[in-house]
Amino acid sequence: MSRIGKLPISIPAGVTVSINNGVVNVKGPKGELSQKVDSSIIVKIADNHITFEIDENSPVNYKQKQAFHGLYRALVNNMVVGVSEGYKKVLELVGVGYRVSNQGNIIEFALGYTHPIFIQLPSEVKVETKSERNQNPIIILESCDKALLGLICAKIRSFRMPEPYKGKGILFQGEVIRRKSGKTAAAK
């Protein structure tokens, strides 16, 4: 059995969880999320805890059942944490002339290309940009859906991946880039 799959999930106050035809619905103060669970996993709600068990009679092979056991427990736990506390990611733009601004859920980037880059965010994600003098511009993204937030951060980072020579690019706040030394002194 999966070590993670065995752990019960406690349901915090203000969060409601329901199961209908293999779909787990979680509703809380930050939003509402749902996840379809494979038929080889049995989900039970009792005493303000959600537990996951492997269905031994399922035709899926045992290794796959073990993988699903931990996977669906982790996904539902992320949903419970997301609707109760929410997730927050902070991105930092490091580079001369790199700028960012937003109008609602549309973000505009100036990243050293000949044209600005625009990205439309889904309504589930809240965005805030800060540009202070002598500070790197930052983007603050908040959502109840951890997977969606990670996907958006990956898309934004792909516009200017951090590079190891000058350390320029779009980084997570606090991320340390392993630096490489450039060319050594010219040959004599």
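Mentor: At 78% relative accessibility, Asn-21 counts as exposed. Keep in mind that this is a predicted model.

Trainee: Okay. Where is Asn-21 found?

Mentor: In the loop between strand E2 (16-20) and strand E3 (23-28).

Trainee: What about its phi?

Mentor: Asn-21 has a positive phi of about 50 degrees, although it is not a glycine. Most residues other than glycine have a negative phi.

Trainee: Now Asp-47. What is its phi?

Mentor: Positive, about 55 degrees, and Asp-47 is not a glycine. Asp-47 lies in the loop between E5 and E6.

Trainee: Is Asp-47 buried or exposed?

Mentor: Exposed, at 73% relative accessibility.

Trainee: Let's do the sheet with E5 and E6. What is the strand order?

Mentor: E1-E6-E5, in an open sheet of three strands. The pairing is antiparallel.

Trainee: Which strands stand at the edges, and why does that leave a side without a neighbour?

Mentor: Strand E1 (9-10) and strand E5 (41-46). Each has a single partner strand, so one side of each has no neighbour in the sheet.

Trainee: What packs on the sheet?

Mentor: Helix H2, residues 62-84. Helix H2 touches E1, E5 and E6. Its direction makes about 165 degrees with that of E6.

Trainee: How many bridges join E5 to E6?

Mentor: Six, and E6 covers residues 49-54.

Trainee: Which residue in E6 is the bridge partner of Ile-42?

Mentor: Glu-53. Glu-53 also forms a salt bridge with Lys-44. Their closest N and O atoms are 3.3 Å apart.

Trainee: Why can side chains like that pair?

Mentor: Because side chains of opposite charge can pair when their charged atoms come close.

Trainee: How accessible are Lys-44 and Glu-53?

Mentor: Lys-44 is partly exposed, with a relative accessible area of 39%. Glu-53 is partly exposed too, at 35%.

Trainee: How many salt bridges does the structure hold?

Mentor: Two. Arg-157 forms one with Glu-175, with the closest N and O atoms 2.7 Å apart.

Trainee: Where do Arg-157 and Glu-175 sit?

Mentor: Arg-157 is in helix H3 (residues 146-157). Glu-175 is in the segment after strand E13 (169-172). They are 18 residues apart, so the pair links distant parts of the chain.

Trainee: Is Arg-157 buried or exposed?

Mentor: Buried, with a relative accessible area of 13%. The cut-off for buried is under 20%. Glu-175 is partly exposed, at 30%.

Key. Residues are numbered from 1 along each chain as its sequence is written. This is a predicted model: local features need pLDDT of at least 70, side-chain atom pairs count only at pLDDT 80 or more; totals for chains, interfaces and linings use all residues. Side-chain values use heavy atoms; hydrogens and water are left out. Two strands pair if DSSP finds at least two bridges between them. Helices (H or I, at least four residues) and strands (E, at least two) are DSSP runs, numbered from the N terminus. Contact means heavy atoms within 4.5 Å. Axes are lines fitted to C-alpha atoms, for helices over the stretch in contact, and angles run from 0 to 180 degrees between N-to-C directions. A salt bridge is a side-chain nitrogen of Lys or Arg within 4 Å of a carboxyl oxygen of Asp or Glu. Buried means under 20% relative accessible area, exposed over 50%, partly exposed in between (1.4 Å probe, protein chains only).
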